[in-house]
Amino acid sequence: MTAEPSRSAKPLRASDADREAVVDQLREAAAEGRIDLDELDARLGLALSAKTCAELVPLTEDLVPVAVAAGETLVLDGGMHGASRSGRWKVPPAIRARAGAGGVRIDFTLADCRWREIELDVHGGMGGVKIVVPQGWAVQTDELSLGLGGLKDRTTGERVPGAPLLRLTGSCGMGGVTVRHPNFRERRKLRDAGTR
């Protein structure tokens with residue numbers, strides 16, 4: 001829980017990563033038909049010009065639940081255009097990722113995860129599934145069918161005590177599944193933003 005800001009506190013400035021996370025959520029909402037293209041254009045303009053986090057909040061608060069209750073499953077369907085989840089988001093205990101032709105990208109780097117274990121059922125389809133996990137997270141792939149695309153596990157395998165375990169099930173399909181830690185560019189971006 002965070003304390004209520006005092007009246008004299010300055011609003012928190014939005015980073016490029018904050019704006020990009022909102023843009024991703026807006027595009028995903030448009031692909032799912034929750035907003036039309038005119039509304040997408042209007043909200044994208046506001047997101048890209050936002051100076052503070054407070055300006056970003058209303059752009060997605062009617063699109064993404066603030067929290068996912070225990071037992072709920074987040075479904076990411078890549079379809080033709082792809083789907084992604086990145087930036088600051090709340091991780092549910094179960095996720096289903098269907099890549100389709102467009103692929104799915106799931107970035108846990110800035111996510112709020114309160115679960116010791118997360119079940120991630122993947123279906124690589126044609127577009128594949130790309131997963132980014134923080135250093136210290138463990139990934140278990142024993143129950144994953146490799147399919148034609150196969151698995152590329154580029155994680156270190158060193159689990160920090162108390163860090164989540166990501167259990168992958170399903171099939172890599174033709175597009176494959178890649179699991180990795182943030183790359184140099186992503187780590188530099190996080191460092192510059194002062195987040196990690």
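Trainee: How many residues line the second largest pocket, and which lie nearest its centre?

Mentor: Rolling a probe the size of a water molecule over the atoms shows where empty space is left. Here the lining has 17 residues, with E20, S86, R105, D107 and K189 nearest the centre. A pocket is an open set of points on a 1 Å grid over the protein atoms alone, where a 1.4 Å probe fits, with protein on both sides within 12 Å along at least five of seven lines; lining residues have an atom within 4 Å of a point. The model is predicted: local features need pLDDT of at least 70, side-chain atom pairs count only at pLDDT 80 or more, and totals for chains, interfaces and linings use all residues. Residues are numbered from 1 along each chain as its sequence is written, and side-chain values use heavy atoms, without hydrogens and water.

Trainee: What is the volume of this pocket, and which element gives the most to its lining?

Mentor: The volume is about 390 Å³, taken as the space filled by probe spheres set on the grid points, which are joined across faces, edges and corners. Two or more lining residues come from each of helix 1 (16–31), strand 4 (104–107) and helix 4 (184–193). Helix 4 gives the most, with five residues. Helices (H or I, at least four residues) and strands (E, at least two) are DSSP runs numbered from the N terminus.

Trainee: How do the lining residues divide by type?

Mentor: Six are nonpolar, four polar and seven charged. Ala, Val, Leu, Ile, Met, Phe, Trp, Tyr, Cys and Pro count as nonpolar, Asp, Glu, Lys and Arg as charged, the others, Gly among them, as polar.

Trainee: At what angle do helix 1 and helix 2 pack?

Mentor: About 175°, with the axes 9 Å apart. Axes are lines fitted to C-alpha atoms over the stretch in contact, and angles run from 0 to 180 degrees between N-to-C directions. The two helices are therefore roughly antiparallel (over 145 degrees; under 35 is roughly parallel, 65 to 115 roughly perpendicular, the rest oblique). Helix 1 brings R19, V22, V23, L26, R27 and A30 to the contact, and helix 2 brings L40, R43, L44, A47 and L48. Contact means heavy atoms within 4.5 Å. Eight of these residues are nonpolar, none polar and three charged.

Trainee: Is T178 buried or exposed?

Mentor: T178 is buried, because its relative accessibility is 14% (buried is under 20%, exposed over 50%, partly exposed in between, with a 1.4 Å probe and protein chains only). T178 sits in strand 10, residues 177–180. Beyond four places in sequence, T178 touches V129, K130, I131, K152 and R154.
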